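Have the sequence and the 3D view open as you read.

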Amino acid sequence: MTLQVADRFSRYPAGRDQNDGPFNGTAFRTVHLVPALNEAKKSGRKLNVSFEGVISYGSSFLEEAFGGLVRIERFKKSDLRKTLTITNTSPYSDRYERAIWRYIDNA
Amino acid sequence: MKRPTATWTKWHLSRAKNEAKRRSTRWHHGVSTRRSGGHFVTTWTSGEIIKMWSTREPHLPPSVLCFSKNPIETLDFFATMRRRSHILKGMFPGKNPWYQVPKSVKAPPRMRSYQSFAEIEYLSTASAVVMTAEYARLAEISKFPPITIDLHKWSDVVFAKLYELDFFSVVGITETVADLYAERDGKRTMRILSGTNNAELAEATRRIQHLAVEASGGADLLGGRVELISTALSEAISNVARHAYPADHDFQFPHVGRWWLTAEFDRSNGMLTIVIYDQGATIPVTLPYQDIWSKVKLKVAQLASSDPKFDFANDGAYIEGSLKAGVTSTGDSHRGKGLAEMVGLIDELKAGYVSIFSRGGYYRHDYTSGKNSGAYPSSIGGTLIEWGIQVHGANHG
């Protein structure tokens, strides 16, 4: 099961909440990410979050979207490790993926 | 007065230029000696060209308006411009603040003092952004379009930069001046973009990409680096949206809650320069109220002087401290907040610079010449970030 950030949400996600702009981390988490994770869990599948086509990877957005899964939505880190994968075709994909898991681990 | 035709306008501009040349040997900046301070000027506003009487001498900028080459005079010019503005003081509410139309049809409109751009020989992109932001604020607060004075006397280079930046849209005379524009050799400036948060991030990124492609003759010089640029911009803009305009801050001048952004590409040295400016409360004022303050308070105290010689003397220390905060908050300079992300890209590319002015303080991180910080007695009226990214070697493409 794949959630395409660029197609379903925005190629330029940024910031934490509505004060930062319309395509913020809270909106992505609550409207797209949490429902997709719940559906994946229910059907026993993994959720792949694909950043293909995304241009902006602000730390505020990533921390709010993914760190917020633990901090606010109360997902368990161990469950996320089993359910969630991150994919990207960007030349800098490694650093973004590392950052996402760091935000989850530090939440 | 009837709306002028394109032919009429062009003829008048040409005649005004020739008149200015003839008078320059006999007049000092076109100022009549018959009355002290009072003189005629030619104004352009909302499609009309009108001769007006200025009752006072103009406020003259320095010939070099640049925060790097001439910081003290440049900062002082903008600070004086704000201090003297009757619009920012809230005077003439509901009336045209730029000029008065006399009751007699024979008398010309009268105006008070103005800034004369005819004296500017060099205008940096950052100064052009600050100037555009100031005029945009005055236009938004007063609800009347600003006027430009003696346009025919402006240097070609200054005019070209402001035209490319789209300064003239702010003052509502784009159509009239289009014929005067000629592209500068090797440099191209992006149309200025303004917003209140990241809603305009997509447009900002696209304009920067377009600038680099157009200026290089079609080559995609940025490549994957556009992601790093857009990412850093998103954080810098979030900083403005979240921290620059706190509701409980007592601003010296009314603000419009916006940021302004432009970029310039110089083909001769392959340098892309991005400038972003806000008229907010500034880093030295807002940093102590942010969550990260506890992490950087000690660092700021170490950098600051215990005997400041003027009000803003320690502002550079606060800016430098805020950069450290961006690093310490994630432990990785590539993933820090906006400013730290910009510095991270400079270090990664092994070229370029980041220069920050906030209130009276400055901090510059140059990959080649190192880091330095300090402060000036005049405030820049907000926060200005200038980010120089070496895209390729000189005269590529």
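## The nonpolar cores

A nonpolar core here is a set of buried Ala, Val, Leu, Ile, Met, Phe, Trp, Tyr and Cys residues joined through side-chain atoms within 4.5 Å. Keep in mind that this is a predicted model. By that rule, the largest core has 86 residues, and Phe51(A) and Phe66(A) have the most contacts inside it. Helix H8 of chain B, residues 225-244, gives the largest share of this core, with nine residues. There is also a second, separate core of 40 residues, with Ile49(B), Val129(B), Met131(B) and Trp154(B) among them.

What does Phe66(A) touch, leaving aside its neighbours within four places in sequence? Its contacts are Phe28(A), Leu33(A), Val49(A), Phe51(A), Leu84(A), Ile86(A), Ile100(A) and Ile104(A).

## Where chain A meets chain B

Each side brings something to this contact: 27 residues come from chain A and 27 residues from chain B. Which residues of chain A lose the most area to chain B? They are Tyr12(A), Asp20(A) and Arg95(A), together 28% of what that side buries. The area buried between the two chains is about 2000 Å², and carbon and sulfur atoms give 45% of that.

On the polar side of things, nine residue pairs are in polar contact across the interface of chain A and chain B. In chain A, helix H3 (59-71) and helix H5 (93-106) each supply at least two residues of the side that touches chain B. H5(A) gives the most to that side, with five residues. Sorted by class, the side of chain A that touches chain B has 13 nonpolar, nine polar and five charged residues.

Neighbours within four places in sequence aside, Gly224(B) is in contact with Pro91(A) and Tyr92(A).

## Salt bridges

Over all chains, the whole structure has 20 salt bridges, and the count between chain A and chain B is three. In one salt bridge, Arg16(A) and Glu63(A) meet through their side chains at 2.8 Å, N to O. That pair links distant parts of the chain, 47 residues apart: Arg16(A) is in the loop between helix H1 (5-8) and helix H2 (25-43) of chain A, while Glu63(A) is in helix H3 of chain A. Arg16(A) is partly exposed at 21% relative accessible area, whereas Glu63(A) is buried at 14%. Both belong to a salt-bridge network that also links Arg29(A), Glu64(A), Arg71(A) and Glu73(A).

Why does the pair of Glu348(B) and Arg95(A) join two chains? Glu348(B) lies in helix H12 (residues 338-349) of chain B and Arg95(A) in helix H5 of chain A, so the pair goes from one chain to the other. Their side chains meet in a salt bridge at 3.0 Å, N to O. Glu348(B) is partly exposed at 29% relative accessibility, but Arg95(A) is buried at 16%.

Within chain B, Lys161(B) forms a salt bridge with Glu264(B), the closest N and O atoms being 3.3 Å apart. Both residues are buried.

## A buried asparagine

Asn48(A) is in strand E2 (residues 47-50) of chain A. Buried or exposed, which is Asn48(A)? Asn48(A) is buried, because its relative accessible area is 16% and the cut-off is under 20%. The side chain of Asn48(A) makes a polar contact with that of Thr85(A) at 3.2 Å.

Methods:
Residues numbered from 1 in each chain as written. Chains lettered and ligands numbered in written order. Predicted model: local features only at pLDDT ≥ 70, side-chain atom pairs only at ≥ 80, totals over all residues. Heavy atoms only, no water. Contact = heavy atoms within 4.5 Å. Buried area = accessible area lost by both parts, 1.4 Å probe. Salt bridge = Lys/Arg side-chain N within 4 Å of Asp/Glu carboxyl O. Polar contact = N/O pair within 3.5 Å; in protein donor to acceptor, adjacent residues only side chain to side chain. Helix = DSSP H or I, 4+ residues; strand = E, 2+ residues; numbered from the N terminus. Nonpolar A, V, L, I, M, F, W, Y, C, P; charged D, E, K, R; others polar. Buried < 20%, exposed > 50% of the residue type's maximum accessible area, 1.4 Å probe, protein only.
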